[in-house]
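Colleague: I have a few questions about how the labels on this model were assigned. Can you take me through them?

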Amino acid sequence: FTNNKRLLHEALNDLEVQQVPSRLEDGLRIAEALARANPVEEAILITDGNVPDRIDFELPFKINYQKLDPGGQNVGITDFNARRNEAGWDVFARLEGGKDAKSLVEVELLQDGEPVSRQTASIEGGNAERLVFQIPADAATQLELRIRPDGFDALEPDNTAWLSLPLPRSL
């Protein structure tokens, strides 16, 4: 904790946004610790509304609860896996969108950084689109699946998925 504005601005400028699960209680405990050394009358909580009903400690300040509006339509990769077959790998992908989703999605599969498949899928009304790819098994390989929705997408991190496929062993 510091009152040095230069250090605070540097710390804020160094922050990077990441998609991680929230841990609201940890943040409130830090605010509670700050309130022990400095007077804090109010903490602002900006949230999507996914908060616990109760917390198990007392706060010495008021919480100003501000709920964000929903982010909007999202389409994403919800499953990406592989199963061995006689010639190599069957690779499966599932794409899904919310109940209001209606989107054409460009799908690109890369193997070791090189494009091996490109197609278009249609996602509509919360239904899943399942895709299957055939990958030869002559070496260990890295797969990356990317999707690009044709319209607004509220959550970009679920538009890419990766798989590492090992070199098959002879039995």
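Modeller: Start with pairing. Two strands pair if DSSP finds at least two bridges between them. Keep in mind that this is a predicted model.

Colleague: How do you know that β4 and β7 pair?

Modeller: Count the bridges. β4, residues 88–97, and β7 share eight bridges. The cut-off is at least two. Therefore they count as paired, and the sense is antiparallel. Asp-90 stands opposite Gln-134 in β7.

Colleague: What makes β3 and β7 edge strands?

Modeller: The open sheet has three strands in the order β3-β4-β7, with antiparallel pairing. β3 (75–84) and β7 (129–136) each pair on one side only. That puts both at the edge. From one strand to the next, the twist averages 20°.

Colleague: Which residues have the most contacts inside the largest nonpolar core?

Modeller: Phe-80, Val-91, Leu-95, Val-107, Phe-133, Leu-143 and Leu-145. The core has 23 residues. To belong, a residue must be buried and joined to others through side-chain atoms within 4.5 Å. Buried means under 20% relative accessible area. Elements giving two or more residues are β3, β4, β5 (102–111), β6 (114–124), β7, β8 (141–149) and β9 (160–165). β4 gives the most, with four residues.

Colleague: Why is Asp-112 called partly exposed?

Modeller: Its relative accessibility is 48%. Buried is under 20% and exposed is over 50%. The value falls in between, so Asp-112 counts as partly exposed. This residue lies in the loop between β5 and β6.

Colleague: What is the phi of Asp-112?

Modeller: Near 50°, a positive value in a residue other than glycine. Most residues other than glycine have a negative phi.

Colleague: On to the largest pocket. What makes a residue part of its lining?

Modeller: A lining residue has an atom within 4 Å of a grid point of the pocket. Here 23 residues line the largest pocket. Ser-22, Ile-46, Thr-47, Asp-48 and Asn-50 lie nearest its centre. About 660 Å³ of space lies in this pocket.

Colleague: Which element gives the most to that lining?

Modeller: β1, with five residues. α2 (24–37), β1 (42–47) and β2 (62–67) each supply at least two.

Colleague: How many of the lining residues are nonpolar, polar and charged?

Modeller: By class, the lining has 13 nonpolar, six polar and four charged residues. For this tally, Gly counts as polar.

Technical notes:
Residues numbered from 1 in each chain as written. Predicted model: local features only at pLDDT ≥ 70, side-chain atom pairs only at ≥ 80, totals over all residues. Heavy atoms only, no water. 1 Å grid on protein atoms, 1.4 Å probe; cavity = no way out; pocket = protein on both sides within 12 Å on 5 of 7 lines; lining within 4 Å. Points joined across faces, edges and corners; volume = space filled by probe spheres on them. Axes fitted to C-alpha atoms, helices over the stretch in contact; angles between N-to-C directions. Buried < 20%, exposed > 50% of the residue type's maximum accessible area, 1.4 Å probe, protein only.
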